[in-house]
Amino acid sequence: MELPPFAVAEAPLYGDRVVVPALPDVTVDLGLRSWPNMELLRALKPDLILSQAGYGASSARLNEIARTLSMPLYSAERQPLKAAEAGLRTIAGHIGRERIAADYLQRSYARLDAIALKAKNYDGRPLLIVKFADERLVDIYGAGGLFDDVLKHIGIENAWGGPTNNWGFATAGLEVIARYPDARVIIIEPGPPGTLLQSALWQSLPAVQKGHVAMLTPTWVFGAFPSAMRFAEVIQQSIGIA
């Protein structure tokens, strides 16, 4: 990071789930994303605060502390990759880094195009992207989500065509995976508990029986452009198009 954030909410979770770009060890943890420590934030005297519109502390409260950019990455428009690009350009404009942002986006789209070219050799099996909410419930990522936008860009079909919320996912019972016998199931770590993997229910799933299950190293499902790029990189490795 050229200009790493001085403080973020849930810094340990960032390290475990977002992963890249890595935060400096000195980054201050502001507590919960949904309810950050406002007193600590005020004491830090930030120059600029970045937030997700419609989530956590209101922009009105944050603006009382410092100038705040509240960006709608996940909204009713359901185009998070486009919103992430716009958000990056907006931030760059406020900190005088427009050229750096433009170069980053150019390199990123070039990389996505390169992955799309390699994906032409993929076997065409649609991907069912899930993350375990608990032992029996999964979040399934589809339209309106960052990962779905990336899959569209690189030309790989998302198996989930069902309804999703503004964050681009639906929650369903584990049995929903059985309805997609021809899909390749991509599980975002942390995966299911070992006891489930040994269960008759899990072993009966068509994707499991066919060996069409892959684990995806931790990748942030609600991120912006860096998370989109991380997903593109790790998905090509997990499905063998590297």
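Predicted model: local features only at pLDDT ≥ 70, side-chain atom pairs only at ≥ 80, totals over all residues.

Biologist: Why is Trp 167 called partly exposed?

Modeller: Buried needs under 20% and exposed needs over 50%. Trp 167 sits at 25%, so partly exposed is the label.

Biologist: And Tyr 74, what makes that one buried?

Modeller: Its relative accessible area is 6%. The limit for buried is under 20%, so Tyr 74 qualifies.

Biologist: How do you know whether the pair of Phe 132 and Trp 202 is stacked or tilted?

Modeller: Their ring centres are 6.2 Å apart, and the planes make 55°. Pairing asks for centres within 6.5 Å, and stacked is for planes under 30 degrees, edge-to-face for over 60.

Biologist: Which residues do ring pairs link into a cluster?

Modeller: Tyr 74 and Trp 167 are in it, along with Tyr 55, Tyr 141, Phe 147, Phe 169, Trp 220, Phe 222 and Phe 231.

Biologist: Phe 231 is also listed among the buried residues of H10. Why is H10 described as largely enclosed?

Modeller: Ten of its 14 residues are buried, so the rest of the structure largely encloses H10. Among the buried ones are Phe 225, Met 229, Arg 230, Val 234 and Gln 236.

Biologist: How do you know how far H10 reaches against the expected span?

Modeller: From first C-alpha to last, H10 (residues 225-238) reaches 20 Å, close to the 20 Å expected at 1.5 Å a residue. After H10 comes Gly 240, with a positive phi near 75°.

Biologist: Now the packing of H5 and H6: what describes it?

Modeller: Helix H5 (residues 98-119) and H6 pack at about 65°, and their axes are 8 Å apart.

Biologist: What makes Leu 112 and Val 150 part of where H5 meets H6?

Modeller: Contact takes heavy atoms within 4.5 Å. Leu 112 is one of the H5 residues there, including Tyr 109, Asp 113 and Ile 115, that meet Val 150, His 153 and Ile 154 of H6. The residues of this contact divide into seven nonpolar, one polar and one charged.

Methods
Residues numbered from 1 in each chain as written. Heavy atoms only, no water. Helix = DSSP H or I, 4+ residues; strand = E, 2+ residues; numbered from the N terminus. Expected span 1.5 Å × (residues − 1). Buried < 20%, exposed > 50% of the residue type's maximum accessible area, 1.4 Å probe, protein only. Phe/Tyr/Trp six-rings, centres within 6.5 Å; stacked < 30°, edge-to-face > 60°. Axes fitted to C-alpha atoms, helices over the stretch in contact; angles between N-to-C directions. Nonpolar A, V, L, I, M, F, W, Y, C, P; charged D, E, K, R; others polar.
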